[in-house]
Amino acid sequence: MDGSLNESVWASTNSVTFTNPTQSNNTVKVSTLWDDTNLYFAYDVTDSQLEAVNISTALYQDDGAEIYLDAQNNKSATMDANDFHFFANINDIVFPSTITSRKANKTGGYTMEIKISWASVSTIPSANKILGLLLTNNDRDGGALKQFDWQNVIATGSYSQPNLWGSLTLSGTTVGTSVTPTPTPTTTPTPTPTPVSTKFSLNDRVQVSSGHLNVRSIANGISLGAQATGALGIVIGGPTNTGGYNWWNINYDSGVDGWSAENYLIKYTAPSPTPTPTPTPTPTPTPTSTPAAAGGPPAISNISISATTTSATITWNTDRPGSSQVEYGPHTNLGYKTFEIDTESRKTSHSVAYSNLIPCAKYYFKVNSKDQAGLTGSTTQAQAYTTKGCLGDAQILSSTEKLIDRGAGGTLAHENASLTLPPNFSSSDAVFQIHKMESAKIISVAPLPSQKSIISGNIFEFKALQNSSSLITSFSNPVTVSLSYDPQTLGSISLSTLKLYKWSPSTSSGQVGSWQAISTCTVNTTSNIVSCALYSFSTYALMGDNPPVSTPTPTPTPTPTPTPAQTFGGGGGGYFSPSPTPVSTPTATTPSASQSGGQAVPAPTAVAKFSNLKTSMSFGQRSDEIKTLQQMLSVSPTGYFGPLTRQAVINFQKKYGIDPIGTVGPITRAKLNQIFGNSDIENSLEIRNLKLEILVGPFAFGYQNDQVKLLQQYLSRDPSIYTGPVTGYYGPLTKAAVTRFQAKYGIEQTGVAGPQTRQKLNALYSQTLPSSSYGIPSSTTTSNEQLLRIQDQIKILQEKIDALRKGGI
C-alpha cells in the first residue's frame, strides 16, 4: 500500500465520482475493496493546491479524506455506538490511529489508499453485507476550509446524521490477486496455504526504505510507534502473513521494536571500501574518492536560507545525487511542500525557492532529497527564519508562536506581552506570533507622540497567519492584549496615562503615519498589567505621559563689576552669559528645544552649567551623576535611569548625530559636557573620526549598517582575505572573508567578527588620529596646568577607546 493506485486490481473495482462547485473546485473519485481483515478505499483527487497543518485531532482542516461508516446501517438520526468516523490527510496522518493511509502525488492532485480493519468497526464481513457510508473530501486552499460529500449532506450543516448517508454493499465477486473476498463455502473447505516469504532470514540486517513505518505489537496488530526512513535493525522473528502483508519481527537499533511489513524494508549490507583502482603509470597517481555508502538515505549538509520580504531560497548539499523539495510553514508543524524537482537529473547541490510569504513573519522549514533507489534524506528538525519588511527595517529580536484552534481559543505569551484568543475569534484556525522588535529602528521612522515614553522600551509586532501566505486582518471576537510593567521604572509617569499605542501607516503620499492610542485599555495596578481589546493587529508599544517640562527659574545676577563675564553657581543654579558686557539682571530665557519624541533638548546657548559627567550610564542604574544628567536634559532629577531618561538621551543623540541607543557612553557624555558642562577639558574633543575608524560591532549574518562597511574595508586591505564589494551587508562573502581572516590569525573560525576578531582588525587597520584632533596643545609648553590637561585628555581618550571596543557609545 503506497497510495499510487497503480495496482491493476483498482481498475476492476466499483467507484463513485463526485464534486460540488459551490463548496470546492476539487473532483473526487473513490473506489472500494475488501477482504477478511480490512476494508480498503482509494481516493483519486484533483486538487491544484495542497495544504495541511497536521494536527491529528483536527484533520478536518487539511486536504484529505473523511469517511463515515454505519456498521448496522440502521439509519438513525444521530450517530450511535455502531457509527464510526475516520480521517486521513495528505501527509499520512490519520485519526484514529487504528487505520492506515498512504498518499502519492499526481499531476494536478493526489491519490490515497486507506485501510480500515473490520475489527476497528466491530464487524465480521460477508458477501452482500450492507453498511451505511458517507464519503467526504476536505479541501484547504489558502487557509480557507472547504468540505463536500457524495450525498451533499454538507448542505444541512452536519455530517452526523446517518439517516442521510448512502450505503456500501460488499460484493461477493473476487477481483485481482491482492484482495480476496470471503470465499464461497464448500462442503469440505480446503485451506489455501499462504506462501512463505523468503525475502529475509533470521539475523538479517534490514533498513526502513520509505515513509514512517508503523511498528506493531503482533503481525497486523496494534501500532506501538513508528520508525523513520533509514532506520536499521535485525530480524528476530517471522515471517507471518496476515492482512495482505508479510510481517517480520525487528529489533531496531533505536526506538520502538516490533513487527513491520516487509514491503517497506530492504536488506542492508554494510558498505565495503571501493577497491583502489590500478594506478596509471605516472609517478604520483591521483587517488579516487570512495563513493557514498549505498543503502542509507542521502546525507544532508550545508543548509542555508536567504529570505526577502515575501520569498525564501533554501540551498543545501547531499552526499550523493537526489531530488529537491522543501517543507515549510509558519509553525513547526509546517504544512506546505514545494513541488519535488530534480527527479530526473538528480543533484548534490540543491536550491529551492518559494514565495507568497508574509513580510515580517517567522517561518520554519525542512529539506528533503530522494535518491534513485527511493531513499529519502530529510532534516530531522525544522529550522526557523524571518522574512524582511518590518517597520523601519527593524529586526525581530526574539519571538514565539502557537497554532490556536478557532473553536477553543487559547493564549500565547512572550516577554512582557501576552495574547488571549477567545473561542470563535475567526472563521479559521491561525498561527499567532509575537515578535519583540528592534525599537531604535522603529522609532527612527515612527517618532513617538509628544510627551510620551515607551514603558520597558519594548515594541511588539503581533501576527495571525491563516496559512503561509495570508493574514487574519480582523477578528470576529476581540483579542485581548496584555502588557505587564515594573512600577519601579515608571518614574513620574502617571499610571492613569498608560495605554497601548498602535502604529497606523498613513495612506497619504509623503506622510509616514502616527501612533494611535487604543481606547479599550484598562490598568490593573495590583497585577501591574495593561489590557486592551483588539480587533486587528499591527505594531504596538505601551506608553505613558511624561510630566510637563518646567522652565528653570533664573537666579538674579549679582551687581556687575568691570571684569569679563563669568560663570555662577557651578552646580546648576545660575546661567551663563556669553557676552562680556555686564548685565545687571538677566531676563528669564526659555532654552530652545527639539520636541522629537516629547523630550526637550536644550540648545547650546543660554543654558545652565553643571558639573562634568565622568561615568557611563544606562537603563536601570541609580547614582547622583544620573541626577546631573537628568538636570541637563530637563528630566525630573530622581537619580534613577528609567524610561523617561532613556528617551531623553535618545532624543539628544538624534539631535547631535550620535547613534540613538539610549545609553550614555564617552561620545554622548563628551557632547553633553560640551553643551552643559562647566569645564572646557572635553569640549574641544573631536570624536567623529574616532567613532568611524574603530570596529565596535556587534556583527551577525544579515546585518546591514556602516560598521559592516568598515569591516569590509578593513578585510579588503588584504586581497587574500576579501576582494568583494563594500556594501554594508553582512552576507556570505563577508562571512567567508571573516573566516579566512580568523584562520590566518589563529582565531576560532566562526565567520562572525566577535571581540577577538574586532580587536585584531582594529590593531591592524584602525587609524590613529592626529593629536590636534583631540584638543591636545601642539605647543611644547610644559606648565603644570597644561600637563594636567593633557593627562586628563589622554585618560578620557583611553576610556573612549575601551568603551568602544566593548560595544558602548
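## The disulfide Cys-360 to Cys-390

Cys-360 and Cys-390 are joined by a disulfide, with an S to S distance of 2.0 Å; a disulfide here is a pair of cysteine sulfur atoms within 2.5 Å. The torsion about this S-S bond is about 95 degrees, so the disulfide of Cys-360 and Cys-390 is right-handed. Cys-360 sits in the loop between β23 (347-354) and β24 (362-370), and Cys-390 in the loop between β26 (383-386) and β27 (396-404), so the pair ties together parts that are 30 residues apart in sequence. Strands (E, at least two residues) and helices (H or I, at least four) are DSSP runs, numbered from the N terminus.

Cys-360 is buried at a relative accessible area of 3%, and Cys-390 is buried at 7%. Buried means under 20% relative accessible area, exposed over 50%, and partly exposed in between (1.4 Å probe, protein chains only).

## Basis of the model

The model is predicted: local features need pLDDT of at least 70 and side-chain atom pairs count only at pLDDT 80 or more, while totals for chains, interfaces and linings use all residues. Residues are numbered from 1 along each chain as its sequence is written, and side-chain values use heavy atoms, with hydrogens and water left out.

## The disulfide Cys-521 to Cys-532

A search of the whole structure gives two disulfides. One of them links Cys-521 to Cys-532, with an S to S distance of 2.0 Å. Its S-S torsion is about 105 degrees, so the disulfide of Cys-521 and Cys-532 is right-handed. Cys-521 belongs to strand β35 (residues 521-524) and Cys-532 to strand β36 (residues 529-534), so this pair ties together parts that are eleven residues apart in sequence.

Cys-521 has a relative accessibility of 19% and counts as buried. Cys-532 is buried as well, with a relative accessible area of 2%. With the bonded cysteines of the protein chain numbered in sequence order, the pairing is 1-2, 3-4.

## The chain as a whole

The protein chain has nine helices and 37 strands. Of its 809 residues, 44% count as buried. Among contacts in the protein chain with a separation of 6 or more, 62% are between residues 24 or more positions apart; a contact means heavy atoms within 4.5 Å.

The accessible surface of the protein chain is about 38200 Å², and 52% of this area belongs to carbon and sulfur atoms. Accessible areas come from the Shrake-Rupley method with a 1.4 Å probe; for residues, only the protein chains shown count as cover.
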